[in-house]
Amino acid sequence: MSLESLLTDEEARDEILDHEALVHAILESSGRLSISPHLMFYVLCRRVLRQTGARSREASDFVASMLEGFSRTARVYGSEAGVNTAYLSDMMIALGKANDSEAFLLRSHMANYALFVSGIFVENLEKRKERGAPDVTYYEKLGGMNYRVAAEYRDARRFHLNGIYEELSRSFHEVRIALNDLATRFLHLDSPALPIIAA
């Protein structure tokens, strides 16, 4: 079978992407990976999300894309920039003046931000909680609620996100725990060469 045929056969391609040998090849790489960050995040997300209520390939692809985008910001500004409740407050205020399209984008971003922070930087949240900042439960509620509401917007249907948002809303806690596991076992987000896989 030619490589082109193999990669255009969705079933065969999905079997390859889910295969344990691919996961091990990524995890056991001794140097910087020569694959895209999105592919790396997709393979790792599939590994941890298949055991949650957000087990669809579309959800894994969406979460992988979200992690890739937010991890770029974390590399530039450091992990402390990943937790910013004032930033969330500003978006909540902006919702009051937003039209439907703007509200959809704001709610989507708040939900994604809450999932990224509570999934990847949960230790930072625990430290900040000791100083009076919101705990991980706050982010779970905020994220789940905003995914649920965002799923109802016309733009969610237009961009084929309503099903993914509903999955993530229903399973936010499970997905957050799965991302905690992914971050602890596989990622070093403080590295300037991210994505780096933990040995």
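Among contacts in this chain between residues at least 6 apart in sequence, 68% join residues at least 24 apart, a contact being heavy atoms within 4.5 Å. This is a predicted model, where local features need pLDDT of at least 70, side-chain atom pairs count only at pLDDT 80 or more, and totals for chains, interfaces and linings use all residues. Residues are numbered from 1 along each chain as its sequence is written, and side-chain values use heavy atoms, with hydrogens and water left out.

**The chain overall**
- You'll find 12 helices and zero strands here; helices (H or I, at least four residues) and strands (E, at least two) are DSSP runs, numbered from the N terminus.
- Of the 199 residues in the chain, 47% are buried, meaning under 20% relative accessible area, while exposed is over 50% and partly exposed is in between (1.4 Å probe, protein chains only).
- The chain's accessible surface comes to about 10600 Å², and 52% of that belongs to carbon and sulfur atoms; such areas come from the Shrake-Rupley method with a 1.4 Å probe.

**Arg-176**
- Arg-176 sits in helix α12 (residues 172–186).
- Arg-176 counts as buried because its relative accessibility is 8%.
- Leaving aside residues up to four places away in sequence, Arg-176 touches Leu-115, Ser-118, Gly-119, Val-122, Val-136 and Glu-140.

**Glu-10**
- Glu-10 belongs to helix α2 (residues 10–18).
- With a relative accessible area of 53%, Glu-10 is exposed.
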